[in-house]
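Please view the sequence and the model alongside the notes below.

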Amino acid sequence: MTCQNLRIKRVYEPPETADGVRVLVDRLWPRGLSRERAKIDLWLKEIAPSDALRRRFHRDPSAWGHFKTAYFDELEQPPAQSALHALLDRLTRGPVTLLFAARDETRNNAVALREWLEGRAETSGGHLDCIGER
């Protein structure tokens, strides 16, 4: 698997041309943010962690490893798989920015999703050749 560019950004940060396709990967709409200001091109709710998993992680952020393991299992399930296909299709066409609303910029579902995508690429012999840093 290759991509033009995969970035991660907090949805509250201003949109930039370099963002490419802006994909919200949260199940809930970001608090206090209008659709006009968000400039979201695609909202993939199905790729987000389940409500139960999200709530469990919110109660105990130190359980990051457990969260990722459970989230990676959810990403293997049919609802998430169709959303992943849509995301991968966008990645083959140009820059994509995964948007999240969480305050923690290092431990959130967008970071975990990028890690999962990288792991899948490595096991399939492909690579995400130009993942942008925040």
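**The largest pocket and the overall picture**

The largest pocket is lined by 22 residues, of which R54, H58, A101, A102 and R103 lie nearest its centre. The model is predicted: local features need pLDDT of at least 70 and side-chain atom pairs count only at pLDDT 80 or more, while totals for chains, interfaces and linings use all residues. Residues are numbered from 1 along each chain as its sequence is written, and side-chain values use heavy atoms, with hydrogens and water left out.

**Pocket**

- A pocket is an open set of points on a 1 Å grid over the protein atoms alone, where a 1.4 Å probe fits, with protein on both sides within 12 Å along at least five of seven lines; lining residues have an atom within 4 Å of a point.
- The volume of the largest pocket is about 830 Å³, a volume being the space filled by probe spheres set on the points, which are joined across faces, edges and corners.
- Its lining divides into 11 nonpolar, three polar and eight charged residues; Ala, Val, Leu, Ile, Met, Phe, Trp, Tyr, Cys and Pro count as nonpolar, Asp, Glu, Lys and Arg as charged, and the others, Gly among them, as polar.
- Helix α2 (residues 51-59) gives the most to this lining, with three residues.

**Chain and sheet**

- The protein chain has five helices and four strands, where helices (H or I, at least four residues) and strands (E, at least two) are DSSP runs numbered from the N terminus.
- Read from the N terminus, the order of elements is β-β-α-β-α-α-α-β-α.
- Of the 134 residues in the protein chain, 43% are buried (buried is under 20% relative accessible area, exposed over 50%, partly exposed in between, with a 1.4 Å probe and protein chains only).
- Four strands form an open sheet in the order β1-β4-β2-β3, with parallel pairing; two strands pair if DSSP finds at least two bridges between them.
- The edge strands, each pairing on one side only, are β1 (6-10) and β3 (42-43).
- Strand β1 pairs with β4 (residues 96-100) in the parallel sense over five bridges, and I8 stands opposite L98 in β4.
- Both faces of β1 are covered, with L6, I8 and R10 buried on one side and R7 and K9 on the other.
- Strand β2 (residues 21-24) pairs with β3 in the parallel sense over two bridges, and the bridge partner of L24 in β3 is W43.

- Helix α3 (residues 64-75) has 12 residues and reaches 16 Å between its first and last C-alpha, close to the 16 Å expected at 1.5 Å a residue; the expected span is 1.5 Å times one less than the number of residues.
- In α3, the buried residues are W64, F67, K68, Y71, F72 and L75.
- These cover an arc of only 130 degrees around the axis, which puts them on the same side of α3; the arc is that of the directions from the helix axis to the C-beta atoms.
- The buried residues of α4 are A80, A83, L84, L87 and L91.
- They fall within an arc of 105 degrees seen down the axis of α4, so they line one face of the helix.
- Exposed residues P78, S82, H85, T92 and R93 are on the face of α4 turned away from its buried side.

**Backbone at K39**

- K39 lies in the loop between α1 (35-38) and β3.
- Although K39 is not a glycine, its phi is positive, about 50 degrees.
- At 48% relative accessibility, K39 counts as partly exposed.
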